[in-house]
Amino acid sequence: MGLEVIETQTYAVSEPGDPLLRRWRKGEKPLLDAPPFKCLTGWRDPFLVGRPGDGLHNKYTMIIGAGFSERPRGTALVYTSNSPITDWQYQHELCEGDGTTGSIWECPLLAKIPPMPEQGTEMCSPSCLSEKYGPPREAIKEGHDWAFIVCPDNAEHAPVYWLGNYDHTVLKFDLQKAFGPYALDLGGNTFYAPNMLTNDPKGRLVMWGWCQETGRPEHISGEHEYGSCMSVPRMLWRHPRSPGRLWQEPLPSISELRMSDASWWEGRLDIMPGKPFPLPREVGEAEHVELELTFDPPLPLEPMEEADGAAADPGEEVHKMRPQVLKSGIIFRPHPSEAPSKLGIPSGLYGAALLYDWNEERLDVVYSNGRQQLDDLCALPFHLYKDASVDVSDRMAGAVEERDLKGVHQLKVEDGQGNVEERSVDIAGTHIVGSKLHFPLNEHGQPEVRPLTLRIFLDHSLLEVFTCTGEVLTCRVYRESEQVAPGNAEGLLPVHHGEGTIELATWGAPTPLTHIAAHLVDEM
């Protein structure tokens, strides 16, 4: 046919009497005969937006991701039919991008997002809904309650979303007036190709995604590249305090995976700089772990002072300079293994750390470069290694060339007893992934230092971090014990031959934890 694309939309129907959906019958012919245009550069990933009887549509309504060769920008095509498996007719474009979010849109999703329940949720308590933490609920603009999600171009880019208005009478999404685009996940492109359950019997909107094998160690790279796995199912709501943004948190039934008599709790715990607190050995060695943590701001956390000595806010008293580095988080020590054979592998074989930077308001995963102890890399201020960061804003704009940093920096390290040692830190090969967290403003429109609550799932190499801002960071941390090909690069440190420990740590000032829980869980 002379088409630029070769995708075919097929379907399968489950066999009668198979409630577990284990047996399927392939359709006799494709769901759609052919693309509506010959100039398409992509035509894939159908998603059912509506069906007869849903209160909005009088026909089955489907969208498909696409792109045009004569205008390099993503689009979604709308089809309708009286039957879910026959007689689909092309209608028009749902909307089109401006080129900044890719020349092709993959895996488009469109769904109405419910408001946050008045009673709150597991990670959003009723107190979080008070007017102290943002504009009153009724002040949030009505409408803008449909989420449109796409994956730009290919799996090298991060999914993005808009929150806006969908007119079901004309089958159009108003992209121009929508909020966004925003990153769907803060971990770059590990979380990809999401899908949704829009007719959940309990009325929930549930999303999950395909989690790629990003940053695989080189000794297993190339093997089963598309093996991957699916994410933890996520419930979606409109953010109660940040208009135009989504709130995501795990499906409550995930807690049922917790193994009986395999949980550990700790009361208030003050973490000191230079003294990481190891979690119990069985937690550090486990391949399937759930963690619940609440970090209070480090003590003392003073307002930032400008370099010239002026207070950050005019008219306010000048405070003592806040430490240049204020971070809290978790260190994932590697399981016993031999060293990788080159620098700059964002795999976690040398260990990785999940860090919240209180100065930058960023949540990042820092991967050890093999030249320096991970603890020393974590102690550096973000601006020294930010060029190694794979920020989701970059992923949204296009593919990122991951760069190895070069440079030696002087680091002052406190031993936890008031003694300070100065030593050199080579940051070559350091790799970071993450983004700024978007805390709502207070009633005065000002940012406010608040506790940080995280719910963390580590399933083999897949790390999923749900935050108290309703955002999620998904990435890979390979702490495996398989042997690595021999031949270490010059200057690499030996890999830590510990127990695959997980440690709580802080840099810059003592940090109190007011809630700590660890659960061993069945395989996710």
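Strand S32, residues 502–507, is mostly covered, with six of its six residues buried. The model is a predicted one. In a regular strand, side chains alternate between the two faces of the sheet. In S32, both faces are covered. Ile-502, Leu-504 and Thr-506 are buried on one side. Glu-503, Ala-505 and Trp-507 are buried on the other.

S32 pairs with strand S22, residues 327–332. The pairing is antiparallel and runs over six bridges. Within it, Ile-331 has Glu-503 of S32 as its bridge partner. Strand S20, residues 277–278, also runs antiparallel to S32 and is joined to it by two bridges. Here Pro-278 stands opposite Glu-503.

A separate description applies to strands S3 to S6. These four strands form an open sheet in the order S3-S4-S5-S6, with antiparallel pairing. Strand S3 (40–50) and strand S6 (89–96) stand at the edges. Each has a single partner strand, so one side of each is left without a neighbour in the sheet. Neighbouring strands of this sheet are turned against each other by 30 degrees on average, direction ignored.

Pro-440 lies in the loop between strand S28 (431–436) and strand S29 (452–459). Its relative accessibility is 10%. Buried means under 20% relative accessible area, so Pro-440 counts as buried. Pro-440 and Pro-243 are 197 residues apart along the chain, yet their C-alpha atoms are separated by 9.4 Å.

Values for the whole chain complete the description. The protein chain has four helices and 33 strands. Of its 524 residues, 52% are buried. Contacts between residues at least 6 apart in sequence were also examined; 66% of these join residues at least 24 apart. The chain exposes about 23,900 Å², and carbon and sulfur atoms supply 50% of this area.

Note on methods
Residues numbered from 1 in each chain as written. Predicted model: local features only at pLDDT ≥ 70, side-chain atom pairs only at ≥ 80, totals over all residues. Heavy atoms only, no water. Pairing = 2+ DSSP bridges. Axes fitted to C-alpha atoms, helices over the stretch in contact; angles between N-to-C directions. Buried < 20%, exposed > 50% of the residue type's maximum accessible area, 1.4 Å probe, protein only. Contact = heavy atoms within 4.5 Å. Areas by Shrake-Rupley, 256 points an atom, 1.4 Å probe, with all protein chains shown as cover.
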